Protein chains: 2
Amino acid sequence: MSATDLPPHDHAGRRDRARQRLGDMSASHLLVTDPVNVRYLTGFTGSNGQLLLGAEASVDRLITDPRYDERAAASCPDLDRILDRDPLGATLALAPGAALLVEASHLSWRQGMKLTESARDAGVTVKDADGIVESLRLTKDTAELARLAVACRITQDTLAWLFSEVVAVGRTEAELALRLERAFIDAGADGVAFPSIVASGPNAAIPHHEPTARQLAHGDLLTIDCGAEVDGYHADHTRTVAIGHLDTELAEVHETVRRAQEVGRAAVVPEASGGEVDAAARRVIEEAGYADAFVHGTGHGVGLQIHESPSVGQGSAATLRPGMALTVEPGIYLPGRGGVRIEDTLVVTAEAPAQELTDTPRELLVL
Amino acid sequence: MSATDLPPHDHAGRRDRARQRLGDMSASHLLVTDPVNVRYLTGFTGSNGQLLLGAEASVDRLITDPRYDERAAASCPDLDRILDRDPLGATLALAPGAALLVEASHLSWRQGMKLTESARDAGVTVKDADGIVESLRLTKDTAELARLAVACRITQDTLAWLFSEVVAVGRTEAELALRLERAFIDAGADGVAFPSIVASGPNAAIPHHEPTARQLAHGDLLTIDCGAEVDGYHADHTRTVAIGHLDTELAEVHETVRRAQEVGRAAVVPEASGGEVDAAARRVIEEAGYADAFVHGTGHGVGLQIHESPSVGQGSAATLRPGMALTVEPGIYLPGRGGVRIEDTLVVTAEAPAQELTDTPRELLVL
């Protein structure tokens, strides 16, 4: 499936599923202020848009400002619009006497304090419903999985091209990042999922390294962590390769991470917790004596955000269900020497094994 | 000055100026949680970093997590680090009994409610100090102005190249945006200041149009609103050109916007208010009979954010001072037919006229 041949989103259906939660919480309205959640429920992608969701679909309104009126009309023709630069004020005016749910992590403290005050005057009760829309987003629908698959396919194919055609002694990290990101766009991506990490030699010991003018040298490890974005959906994919030659300890470190990632992927099954996936991968690294060198969680959910639920870190109680998308990306980092990370994007399936949206060979590639 | 030859930032000096405000507000600490403000005061650009600023510089701490330890050490070597994924908890532990200022627009409502509770137990009083750092950022220092100038120079030169070498009947909006943004990077930009707006024909009536596959046609108006980003500083520049031929009314609309922008630029003088700049430009458009077709403010401050203080919209009381950077960008939008916007980035100077960081010719260019 190409980026231009994707099934449409069912925004109205998603809003109806969110609406069911209103009843569960004895609420009459939900004000969605997280731009990602607004996009999920409406398709609107402007920088200023809020969704007021009512108990009946006829109450639903997209609140935006005049700059976005035409764009909103085009991207969500099935939603009435309110043009108002004060969405909290507009909400109170639209829903006097409401039992209003809000996303308290996606209002500022200042907005929250002001809303509390004005709501009193409007006879509106306000309740924090953080996570309502995120809970719907946890399990990806067909339209979402199709976009994740295309984003991952573009990412994997482009990374393979970069390794075979571009990576060479003397190239700089910044040059590789630039060539990679351009190639994503040429391949049909809408953008990059996050600024690419291209980390070589000692820089590979920095998990979130920003590409520099450092030139690849014989004996380097090279970690590339990258992703294409397609219609808002993010791929996340990492491989570490060796340039020319690799000393024995670093080769063993690579093999340890490879095994940890394999075990981690195998632990991605329905009803497992995110913490169990983390523990499975982490145990391999601990047993090899590198516990302190694995300084981050094993993975994270991925979708409209590059990091989203479920958590796949230490102690995470999040339960994996079919349709969830997540990464498995253990790593070992040795300050001053280098590091290794291997990462794939997976979808939990009813029957193990999980579907691998990226599956670039994981054996150590020496270029 | 090129992007590689820029004066260093004086982060410690900026922190000392912020520190003076603590005394003014009888506070012992300020917790900076807005990532842009953290960057301004420290140089740190990771996705998770907070600055705890004390009454003495020795108290200052950058709070981040292990992923960013090496990067923080490299980008702010003069600041001690605390690695803790709960910055609010870490703050209370570092500053028991403090009179703590926070940025209530840059904490979520949820965080604010939690902080109120935990602060009580730690004997910490919490007070909203929104805008403290923003007030320092209003007036740009030498290092900042140098970066804005380079970003604007790259933007202007690249736009000139695009108009002369690339724009032609048959090219798509998306293709022009892509070529433009790549050329920014080739010219030394660190990125794009915002997704470029390339709006042709009827699409030019949409102020924040996203580039589409629409092909340029004879008789179109074409608006390109774009900017390069250099070390975090944003350029913002717009021109509308005509493709091949233009009907008389649209040519008159262009001339009206050109005059409005000229009058707006001339109003950018010390002690003027942002509202006065807006009113000056708006009056020209109103007198031409297009009041309802100018659907946004005349401009905005620009710097580490593409939109920041001072406001240059209707009724803005913000007083302009030397060293402030802002845009002047009136526009007229005629749904179904097209639109015109002319925008430059300026710096307020002690003596008028303001310094124009972009000054692409403003007469109607017919390509």
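**View 1. A salt bridge within chain B joins Glu175(B) and Arg171(B).** Glu175(B) is partly exposed, at 27% relative accessible area; here buried means under 20%, exposed over 50% and partly exposed in between, with a 1.4 Å probe and protein chains only. The closest N and O atoms of Glu175(B) and Arg171(B) are 2.9 Å apart, where a salt bridge is a side-chain nitrogen of Lys or Arg within 4 Å of a carboxyl oxygen of Asp or Glu. Please keep in mind that this is a predicted model, in which local features need pLDDT of at least 70 and side-chain atom pairs count only at pLDDT 80 or more, while totals for chains, interfaces and linings use all residues. Residues are numbered from 1 along each chain as its sequence is written, chains are lettered from A and ligands numbered from 1 in the order written, and side-chain values use heavy atoms, with hydrogens and water left out.

**View 2. Chain B meets chain A through 34 residues on each side.** Contact here means heavy atoms within 4.5 Å. Together the two chains bury about 2800 Å², 57% of it on carbon and sulfur atoms. On the chain B side, Arg67(B), Trp109(B) and His208(B) lose the most area to chain A, together 27% of what that side buries. Buried area is the accessible area (1.4 Å probe) that two parts lose on being put together, summed over both.

**View 3. Eight salt bridges cross the interface of chain B and chain A.** Elements giving two or more residues to the chain B side are helices H3 (69–75), H5 (109–122) and H8 (173–186) and strand S6 (125–128); helices (H or I, at least four residues) and strands (E, at least two) are DSSP runs, numbered from the N terminus. The largest share, six residues, comes from H5(B). One of the bridges links Arg110(B) to Asp128(A), with the closest N and O atoms 2.5 Å apart. Arg110(B) is partly exposed at 39%, and Asp128(A) is partly exposed at 26%. Another links Arg182(B) to Asp186(A) at 2.7 Å between the closest N and O atoms. This pair runs from helix H8 of chain B to helix H8 (residues 173–186) of chain A. Arg182(B) is partly exposed at 22%, whereas Asp186(A) is exposed at 56%.

**View 4. Strands S16(A) and S17(A) form a hairpin.** The strands S16(A) and S17 (residues 338–341) of chain A pair in the antiparallel sense over four bridges; pairing requires that DSSP finds at least two bridges. Leu334(A) stands opposite Gly338(A) in S17(A). Three residues lie between the strands, and Gly336(A) takes a positive phi near 85°. Both faces of S16(A) (residues 331–334) are covered, with Gly331(A) and Tyr333(A) buried on one side and Ile332(A) and Leu334(A) buried on the other.

**View 5. Backbone details in both chains include a cis peptide bond from Ser309(A) to Pro310(A).** Its omega is near 0°, and Pro310(A) sits in strand S14 (residues 308–312) of chain A. In chain B, a cis bond joins Ser309(B) and Pro310(B), with omega about 0°. Most peptide bonds are trans, and most residues other than glycine have a negative phi. Phi is positive in Glu271(A), near 80°, and in Ser26(B), near 50°. Glu271(A) is exposed at 54%, and Ser26(B) is exposed at 65%.
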